[in-house]
Amino acid sequence: MDKVTKRTVLLGLLGPVLDRSQGATRWELWRPSVAACQHEDLLVDRFELLYQRRYEKLAKVVAQDVGSVSPETQVRLHMVDFENPWDFVEVYGVLHDFAKHYVFDPDREEYLIHITTGTHVAQICMFLLTESRYFPAKLIQTSPPKRPEKGGPGEYSIIDLDLSKYDQIAMRFRMEARDDISILKSGIETRNRAFNALMEQIEHVAVSSSDPILLTGQTGAGKSHLARRIFEVKKVRRKPEGEFVEVNCATIRGDAAMSALFGHKRGSFTGAVQDRAGLLRAADRGMLFLDEVGELGPDEQAMLLRAVEEKRFLPVGADREAESRFQLICGSNRDLQAEVARGRFREDLLARIDLWTFRLPGLRERPEDIEPNLRYELDRFAERNGARVTFNKEALGRFLEFATSPEASWTANFRDLNGAVARMATLAPGGRITPGVVETEIVRLRRSWRSIEPPSGDSILTDVLGPKRASQIDLFDQVQLCEVLRLCRRSRTLSEAGRSLFNVSRHKKRSVNDADRLRKYLERFGLSWEDVTFDRGA
């Protein structure tokens, strides 16, 4: 079957200035709508010429002249009724309606949108409608001849907005995204798939949105560090003009909190000897990171809500409101939904700040990332102290074996790892961490983690089951269940917990499925793995 040759259809706006008519002398001028149909290597079968009502006479002249230079071109006139060609909303609406009602036949016709004529507003609207495929077309840009005295139709170029066809552009976008993600991860080549996917999501939101972001996770999981990295990603794109301002809400209370955040006027309270702008003002046009936002009192929460929604707030003791336009990032190691249920956090504020919520996993959930983070911490130590320290092979293997085992709880997450590296590097003889140094650090970490009192049996049962359900279990079962729950919370996966619980009896079975045995045990009490391991403090 022969390939069907498609007809070429040109769509464009009449240019009242460039397409102007001045009697017979008009042929001495370059007129883009006429010239677009004069190129020998571009046969225009049909020209859909759009014009405003007051230029109808000019449109008819242009149509007649196109017929003179290109008899094969059929010209169809369409009146588009917008009064102000510089009103973006009006022009876009009229052109959008035209595109929706025009009958396109892409199987038989190829469409070119002429963007040389019309106001800049109209050209932008034509571009946007083509990019969004309301016009299933390519763009054509025409220009006058380089030597006007010789005449001629000038030059033209065709632009296809399907960027997927441009490998170099697509590659550039991918490289920029990789650079952004590298910034978010501090250049660490992390291996955990879930964490890497999380960073990709955060990168996309950081680049595309200025709405509030809520970062949750355990203490030391890296919320503050990530918030600053988000700011750096946006700074690369030249989005925030202001600064990054960080405050730990757990360190401010009462009048001090109101003053620190929203500022105050001199004399508004005892000790207010001069005006204070406040941190919200300092973050104007930049980014404000409120770590442990759940620690704010009710008055600060109410004021913060208004500042986020209206970009306005009232400093302490002031009779005039202040303004600040900032992007808000909040951090919390609390379950803010539970805090709302307890009446400790405003529901409307939570609804406003959790449009984008990302939970940062703890270090125990990312054992494969301990090694690259270990190397990162060594690099940071070298920067701070001007001395390079390394592990010998045996020492590195021993530390990673311990660090990735169920025994390593990493209760303070990266703060624990940072401290461990700093101590080992400081004690390393000749800049080389030896197995002896590692063993000393392992003993210290074990002692540190044991000093953190685990929840009592009653506490962990109540935490998981609730007081009513816990009281309905026999004492014998309570004792056994408590130990199971503790071990589950120290384990990364259901299978790991099962292997530890059934480490003796599993060798006596032909078919071993520790995870299934543990799952069935938990089901006796109406529990799932998610119920047991859900961290209400995160």
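1. Accessible areas here come from the Shrake-Rupley method with a 1.4 Å probe, and for residues only the protein chains shown count as cover. On that basis the chain exposes about 29,300 Å², with carbon and sulfur atoms supplying 49% of it.

2. Ground rules: this is a predicted model, where local features need pLDDT of at least 70, side-chain atom pairs count only at pLDDT 80 or more, and totals for chains, interfaces and linings use all residues. Residues are numbered from 1 along each chain as its sequence is written, and side-chain values use heavy atoms, leaving out hydrogens and water.

3. The C-alpha trace spans about 105 × 75 × 60 Å along its principal axes.

4. I'd look at strand E12 (residues 327-332) next: six of its six residues are buried, so the rest of the structure largely encloses it. Buried means under 20% relative accessible area (1.4 Å probe, protein chains only); strands are DSSP runs of at least two residues (E), numbered from the N terminus. Gln327, Ile329 and Gly331 cover one side, Leu328, Cys330 and Ser332 the other, and all are buried.

5. Who are the neighbours? E12 pairs in the parallel sense with strand E7 (residues 213-216) over four bridges, and four bridges also join it, again parallel, to strand E9 (residues 287-291). Pairing requires at least two DSSP bridges. Ile329 is the bridge partner of Ile213 and also of Phe289.

Terms used. Buried < 20%, exposed > 50% of the residue type's maximum accessible area, 1.4 Å probe, protein only.
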